[in-house]
Structure formats: structure tokens, C-alpha cells
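Take a look at the structure below. This report covers its aromatic rings, its nonpolar cores and the relation between its chains.

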There are 2 protein chains.
Amino acid sequence: MSTTTHETTIAAVPDLPIIRITREFDAPPERVFDAHVDVEKVRRWLGPRRLTMTVQRWDAETGGGYRYTHTDDDGEYRFFGSFHEVRPAERIVQTFTFEGFPDGVCLETMTFEALEGGRTRLVGTSLCESIEARDAMLASGMEVGVNEGYEQLDELLAGS
Amino acid sequence: MSTTTHETTIAAVPDLPIIRITREFDAPPERVFDAHVDVEKVRRWLGPRRLTMTVQRWDAETGGGYRYTHTDDDGEYRFFGSFHEVRPAERIVQTFTFEGFPDGVCLETMTFEALEGGRTRLVGTSLCESIEARDAMLASGMEVGVNEGYEQLDELLAGS
């Protein structure tokens, strides 16, 4: 099955400890949002292709939380956070920590904007604790996980 | 009963959307921390003296959430958030929204540092989404709630 892959933009916001990620999808906001809250769908797309995702918790609701493990041949990478607000088909605000840096926390906001033709623009904003933390995240190879994750989300939304 | 009140420092961090609040208490970290997670204690000190706090939810644990209402003669002020991490007697990371500005979110980190003589230094860091949001919060009269709240916490810790 053919899937159209769109360009993902990952950019630092000048003078603020913020990373902004913009990506369009060929599905309406309701479906893109659903793929962020339904754990069976999340497991199929989140993160790089080479990693397997094991979910310990995924309560994607206002005041909920999550915890998951990404595994490859080299080991395990554990992540956790809380869902500040889950506003259906519109907005998700959550926290994010990689347990390798247990005191590092980001506040992430995702907005789901309806475009013409039943399409969606997803804008993700990661608010970090310092310019240094922002730049370390940008230098961490995060773009592989973001790009491959969104390609896998394209495939899921295309029904493949 | 006499209670010693310490000075509270509230300061913007230059060039970052961060407010830092520093305050010492005449009680060890375990007791100051407990007054942040035990809802019956929280209700007795959080916020300005003139307001009554009604708590809809206070699950102060990693991945938990909270929701409360402050009421005075003029009306109600509603707040909610999630607990990203609750690390006993050491650190609390939570989100914060005033429902009057439903899209505004801060990420708040509190650290409980043991001082000599069974005392504690509490450092609170509020990470806001922009310099403008930081300055609006500083201009909102927040210092009344912080100062009076911590005076009430002094009184609670002194056993009065």
C-alpha cells in the first residue's frame, strides 16, 4: 500500500528553551488524536523503527500518566510522564522524562489543527528547562525517532 | 503560639521564562514535603488567607493529578494540574493551570533541601511558556498567595 510521507520540521525557537515540531497528516484531527491516546495504536508508531515499545501505563486523560520502555539489541530506554490535559481532537499537554536523565523534564503541548481535505497539521512544542537542555535534546538524535515515528503513523493512518 | 516567619524570595530568572521562589522553614524536609502531599494539610495553608480551598482531587504521586477551587466573596478560582513526579522528602514536579487562562500551563519543580538544625530550604521553579507569560504571572499579585500561604504553612508546621 502506498503512503504519502510529509516533511517534518524540527526547529529551536530563538532565545527560548523551546523546540517546535510541525507535521501534516492525511487524516482528520479525530483520527490523528485517537492514534495518540489509544495505547494499541501508540505502540505501533511511537519512536524509531528499530525499537520495540512496551507500555507499563498509558492513561491518556486529563490528570493521567504514562510509562513505557523502548528496547533494542543494546538495551532498554525508559520514559515516563503525566498528562496535564487531554482535550479530544484538539490538544494534549503532557510532561516527559527519559529515565537516563531523571531530573530532566520537558512540558510538551500538541495541537491538532484541521486542514482542508480532511487533513491535519500537528504542532508539537517541547518546553525545556534551559537553552542547554533544549540544545542537548536537539543534538541527541531525536529527529530519527520523530521522523520514523511519524512515518509509521502515516502507515497506520493509511490502514496498512 | 509564636511562629517565626522567614523571608520569601520571588525572582525572575534573566532571559528565561522562569520564576524562582526560595523560602526556608523551621521543620525538616520530611514534614515540609508531607504538608505538600497530605490533602488535609494542603487545604490549611495553600493560597491567600482570604480564600477557602475546596479540593476535588489531590493524588500527589508520580503520574497523579489534582484539581481545586479557591473561593472568596467575589467568586471562584479553579486550578488543575498533574503530578509528573513525587519523590518523597526530595522533589515534586507538577503542572499548573488557572482555568481563567485554560491554555496557559506552567511546569513547577519544588526541591526540599535539608539545612542544619532540622530546617528546610524549599526552592520552587515555575517554567512558563514565554517571557510574557512569566511577567504576567509576576504581575498578577501571586506574591500575596505565596507569602500568606507560606506564613500559614509556618503556622501548621509550628503545630498551631
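## Aromatic pairs

Over all chains, a search of the whole structure turns up 24 aromatic pairs. Keep in mind that this is a predicted model. A pair of aromatic rings is described by two things: the distance of the centres and the angle of the planes.

Start with Trp58(A) and Tyr68(A). Their ring centres are 6.2 Å apart, with 50° between the planes. That makes the pair tilted. Trp58(A) sits in strand S3 (residues 52–58) of chain A, and Tyr68(A) in strand S4 (residues 64–72) of chain A, so the pair ties together parts that are 10 residues apart in sequence. Are these two residues buried or exposed? Trp58(A) is buried, with a relative accessible area of 14%. Tyr68(A) is buried too, at 6% relative accessibility.

Now turn to chain B. The ring centres of Phe25(B) and Tyr150(B) lie 5.3 Å apart. Their planes meet at 85°, so this pair is edge-to-face. Phe25(B) belongs to strand S2 (residues 18–25) of chain B and Tyr150(B) to helix H4 of chain B, so the pair links parts that are 125 residues apart in sequence. Phe25(B) is buried, with a relative accessible area of 0%. Tyr150(B) counts as buried at 11%.

## Nonpolar cores

In soluble globular proteins, nonpolar side chains tend to be buried together. Here the largest nonpolar core has 32 residues. Within this core, Trp58(B), Ile92(B) and Tyr150(B) touch the most other members. Helix H4 (residues 142–157) of chain B supplies the largest share, 6 residues.

What does Tyr150(B) contact, leaving aside its neighbours within four places in sequence? The list is Thr8(B), Ile21(B), Arg23(B), Phe25(B), Trp45(B) and Leu122(B).

## How the chains relate

A rotation of 180° superposes chain B on chain A, with 0.0 Å of shift along the axis. The RMSD is 0.0 Å. The two copies are thus related as by a two-fold rotation axis. Both copies use the same surface: 100% of the contact residues of chain B recur in chain A.

How values were computed. Residues are numbered from 1 along each chain as its sequence is written. Chains are lettered from A and ligands numbered from 1 in the order in which they are written. This is a predicted model: local features need pLDDT of at least 70, side-chain atom pairs count only at pLDDT 80 or more; totals for chains, interfaces and linings use all residues. Side-chain values use heavy atoms; hydrogens and water are left out. Copies are superposed by least squares on the C-alpha atoms of residues with pLDDT of at least 70 in both. Contact means heavy atoms within 4.5 Å. A nonpolar core is a set of buried Ala, Val, Leu, Ile, Met, Phe, Trp, Tyr and Cys residues joined through side-chain atoms within 4.5 Å. Buried means under 20% relative accessible area, exposed over 50%, partly exposed in between (1.4 Å probe, protein chains only). Helices (H or I, at least four residues) and strands (E, at least two) are DSSP runs, numbered from the N terminus. Rings of Phe, Tyr and Trp (its six-membered ring) pair if their centres lie within 6.5 Å; planes under 30 degrees apart count as stacked, over 60 as edge-to-face and the rest as tilted.
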